[in-house]
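Open the model in your viewer and keep the selection tool at hand.

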Amino acid sequence: MASHRRPKQPGRTRVTVLTATAAAAVALSAQAAHADPQASKQDVKSKVDKLYEEAEQATEKYNGAKEKQDKLDKQVGDLQDKVARGQEELNKLRNSLGSMATAQYRTGSIDPALQLLLSSDPDSYLERASTLDQLTTKQAETLRQIAGKQRTLKQERQEAADKLADLESTRKALGDKKKEIQGKLSDAQELLNTLTAKEKAEVTGEDKAQEGKGGDRADRSGGSRTGPGDQGKPVPESQRAGGALGAAQGKIGSPYVWGATGPSSFDCSGLTSWAYAQAGVTLPRMSQDQANAGTRIYDQGSLKPGDLVIFYGDLHHVGLYAGNGQVLHAPKPGANVRYEAMGNMPFQFGVRVG
């Protein structure tokens, strides 16, 4: 007969442990459900800011490589034209040498002394002999010219080959930097896609940028405005900084696009170089080079509207001082040309272009 026993009840200790574990799980779930959204958004902002900064650093290196490529393109083209002209000159020298050799062959097949004895007109022979001597002298000079031209062509061809190799290396560097920039921007965009439109604006700073789009604030900055008809015209030296700032003020709201130099989109150094070009001043393309485009000013209180302002230890960001502790700049990908407090970035020094 089967035995019927009551199932063993769990011990009090075991029940207590299970209850505590369940309570902890519930507490953790509740904590996760009520996690601070501000902390999460701040984490995204920090990561996005870092990616954008790295992308801008890569962009400035890209700009430098692009500038080098443009110079090399021109140098290679000039060298190739020079080699072609040199080859044409060499061919002409060789042809002239061949003509002289043919003339000598036609008149110089008999020993000169015998030609004189047999000649019915010694005076005419002596005249021809003098011409032959001149041809020989000219032929020797032509040979020297040919040898010199060959040496020059060899050097020019080697120089062109070296420039072409440098150009190929620069193009590869451009491609690598382009991939690096696009990768970082893609990573940043993935992070931003986890936010709402309002949160995105807060992270990129576009929510604060709206107030800088009004013309009244720009006019109070101390910069002079230039209209479309004024851009590109010579500006007196004393007005160049103000003219550059005025030109940049007309581009508030234009999008940041890496590698862009205007007139509809810009990166940071693209905006400053474009703005100063409107005032008749040519600036280098890269922010690091623009940092050496004039007199450095380390005291923020001594800055004047239109001065360049350089940020970050590696000098990878530049804008225009707009007065009242504000910078007018192309901030970063995903943002537009705008005013911003200088204290939002690590200021290094200003540059008074001159």
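Start by selecting S273, which is found in helix α9 (residues 268-278); helices (H or I, at least four residues) and strands (E, at least two) are DSSP runs, numbered from the N terminus. This is a predicted model, in which local features need pLDDT of at least 70 and side-chain atom pairs count only at pLDDT 80 or more, while totals for chains, interfaces and linings use all residues. Residues are numbered from 1 along each chain as its sequence is written, and side-chain values use heavy atoms, with hydrogens and water left out.

S273 is buried, at a relative accessible area of 13%. Buried means under 20% relative accessible area, exposed over 50%, and partly exposed in between (1.4 Å probe, protein chains only). Show the side chain of S273: one of its polar atoms lies 2.8 Å from the backbone oxygen of S269. Next, display L283, P284 and Q290, which S273 touches when residues up to four places away in sequence are not counted; contact means heavy atoms within 4.5 Å.

Move on to the sheet. This open sheet has 6 strands in the order β1-β6-β2-β3-β4-β5, with antiparallel pairing; two strands pair if DSSP finds at least two bridges between them. Select β1 (294-297) and β5 (338-341) at the edges: each has a single partner strand, so one side of each has no neighbour in the sheet. From one strand to the next, the twist averages 40°. Axes here are lines fitted to C-alpha atoms, for helices over the stretch in contact, and angles run from 0 to 180 degrees between N-to-C directions.

Within the sheet, select β2 and strand β3 (residues 317-323), which run antiparallel and are joined by 4 bridges. F311 stands opposite H317 in β3.

How many aromatic pairs does the model have? The count is 4, where rings of Phe, Tyr and Trp (its six-membered ring) pair if their centres lie within 6.5 Å, and planes under 30 degrees apart count as stacked, over 60 as edge-to-face and the rest as tilted. F311 and F347 form an edge-to-face pair, 6.2 Å centre to centre with 70° between the planes. F311 lies in strand β2 (residues 308-311) and F347 in strand β6 (residues 347-353), so the pair ties together parts 36 residues apart in sequence. Both F311 and F347 are buried.

Finish with helix α8 (residues 240-249), which lies across β3, β4 (326-329) and β5, at about 100° to β3. Of the 10 residues of α8, 9 are buried, so the helix is largely enclosed by the rest of the structure. Among them are L245 and Q249.

Key. A polar contact is a pair of N or O atoms within 3.5 Å; within protein, one must be able to donate a hydrogen and the other to accept it, and residues adjacent in sequence count only if both atoms are side-chain atoms.
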